[in-house]
Amino acid sequence: MTDKLPRPGGGDDDGSAGSPMERLLREAMNARTSLITAHDLRPAAPPRTRVRRLRPVYAVTVPLLGLAAAAAIGVVTLHGSPVAKQDVPPPPAAGLTASPGPTPTPTPSAGAGATPTGDARTEGPLADVTPTSSRSATGAPTGPATPYTFRGVKLKVPAGWRVSPADPADFHLCVLSPGAPQGASAQNCQPYGVDLAVFDTESPGWPSTADLDAQSGWGHQPNCPIWGDPHPPAAGEAVSSTGPTKSTPTVSGRPALKSQWQVTCGQSPFTAQIWALPKDQVFVSAVGLKEDYQPGLQSIVNSLDVSGHGQAPQATAAPARATSRSASTASRPASSCGWGVRSSPSR
């Protein structure tokens, strides 16, 4: 087979034009290209294949999987915190608090052991409280009280206490404690009992409102009302007192005054107390009474009712009785607890 188209002349073709087959292909492609015009250039047609829809199974399964994932995240979030707290070890402070707790416990017992007992003095006023039958202290009332009226003043005598027979013309009533000797009477009411003084006018003797402010206002004559051994001071037996310590309790629903002294006769200490209702001229005194009988003493004070004192018939003869009382006490020995009028010009 021979070439239909001659080679270029000169014979100097280096073969870069290619073989005859290649030249034919180029010519065919050029002819094909010349047939394409601007109108033949247009965008490619979109694909005609339809997108298939998800099957119902996938449409339902995918949301369910999302819900399940959200629920799992919520469970982890809610329960993660308590689990983490359980893994945290207890704080060390809890162990430290429990161990030193018993260490300071003996402190109150040490203070209690140092509390004075026996005949130790009471620095402040004794408690103004109403005792009850349930109290276990020695001398506390253990039964019903007995009503009693003296010069229009009503009171209740605690169980175990007794009223010493009183002179109708006297201004003083003695209520003896359960521990008083059988021979005790109004003449030696101190230290075994409680003295109730009811005056119709300003007190002509002891006690008086002025005594509440005096250092020696607890007594009206040289005397040592020591429980079991009341006696006048012996030679060289010093009598000293500290006070008064004053307070303002309420008695019979009215404002009252109270003074308390700590007294020592020689080596024997005791307590003296006086309550006063100044407007009614009613006084309650206890000098040398054992502290065991403080509940009974306080119950007498708290039971006072002075509302009928102004209506007492003895009020008309008050001045004459005061004079006769003062005269009678002048002849009493110093060891008795008579209620003499003070000889001081200022009283």
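This is a predicted model: local features need pLDDT of at least 70, side-chain atom pairs count only at pLDDT 80 or more; totals for chains, interfaces and linings use all residues.
1. Let's start with the overall picture. The protein has 347 residues, and 30% of them count as buried. Its secondary structure comprises 7 helices and 11 strands. The exposed surface comes to about 21800 Å², with carbon and sulfur atoms supplying 60% of that area. Among contacts with a separation of 6 or more, 57% are between residues 24 or more positions apart.

2. Next, the disulfides. A search of the whole structure turns up 2 of them. Counting bonded cysteines along the chain, the pairing pattern is 1-2, 3-4.

3. Buried or exposed, where does Cys174 fall? Cys174 is buried, with a relative accessible area of 2%, and Cys189 is buried as well, at 0%.

4. A disulfide also joins Cys224 to Cys265, with an S to S distance of 2.5 Å. Cys224 belongs to the loop between β5 (193-198) and β6 (239-247), while Cys265 belongs to strand β9 (residues 257-265), so the bond ties together parts that are 41 residues apart in sequence. Here the S-S torsion is about -95 degrees, and the disulfide is therefore left-handed. Cys224 is buried at 0% relative accessible area, and Cys265 is buried at 1%.

5. Strand β9 also holds Ser259. With a relative accessibility of 1%, Ser259 counts as buried. What does Ser259 touch, leaving aside residues up to four places away in sequence? Its neighbours are Leu212, Pro244, Thr245, Lys246, Ala272, Gln273 and Ile274. A polar atom of the Ser259 side chain lies 2.7 Å from the backbone oxygen of Leu212.

6. Now for charged pairs. Side chains of opposite charge can pair when their charged atoms come close. How many salt bridges does the structure hold? There are 3.

7. Asp200 and Arg151 meet through their side chains in a salt bridge, at 2.5 Å from N to O. Asp200 is in the loop between β5 and β6, and Arg151 is in the loop between β1 (146-150) and β2 (153-157), so parts 49 residues apart in sequence are tied together. Asp200 is partly exposed at 22% relative accessibility, whereas Arg151 is buried at 5%.

8. Lys246, already mentioned as a neighbour of Ser259, forms a salt bridge with Asp213, and the closest N and O atoms are 3.1 Å apart. Lys246 lies in strand β6 and Asp213 in the loop between β5 and β6, so this pair ties together parts 33 residues apart in sequence. Lys246 is exposed, with a relative accessible area of 52%, and Asp213 counts as exposed at 52%.

9. Asp280 and Arg254 also form a salt bridge, with an N to O distance of 2.9 Å. Asp280 is in the loop between β10 (268-277) and β11 (282-287), and Arg254 is in strand β8 (residues 254-255), 26 residues apart. Asp280 counts as buried at 13% relative accessibility, while Arg254 is partly exposed at 31%.

10. Finally, a look at the surface. Met21, Leu24 and Leu25 make up a nonpolar patch with about 320 Å² of accessible area together. Leu24 is located in helix α1 (residues 20-34).

Technical notes:
Residues are numbered from 1 along each chain as its sequence is written. Side-chain values use heavy atoms; hydrogens and water are left out. A disulfide is a pair of cysteine sulfur atoms within 2.5 Å. Buried means under 20% relative accessible area, exposed over 50%, partly exposed in between (1.4 Å probe, protein chains only). Helices (H or I, at least four residues) and strands (E, at least two) are DSSP runs, numbered from the N terminus. Contact means heavy atoms within 4.5 Å. Accessible areas come from the Shrake-Rupley method with a 1.4 Å probe; for residues, only the protein chains shown count as cover. A polar contact is a pair of N or O atoms within 3.5 Å; within protein, one must be able to donate a hydrogen and the other to accept it, and residues adjacent in sequence count only if both atoms are side-chain atoms. Patches are made of residues with over 30% relative accessible area and no salt bridge: like charges are joined within 9 Å, nonpolar side chains (Val, Leu, Ile, Met, Phe, Trp, Tyr) within 5 Å. A salt bridge is a side-chain nitrogen of Lys or Arg within 4 Å of a carboxyl oxygen of Asp or Glu.
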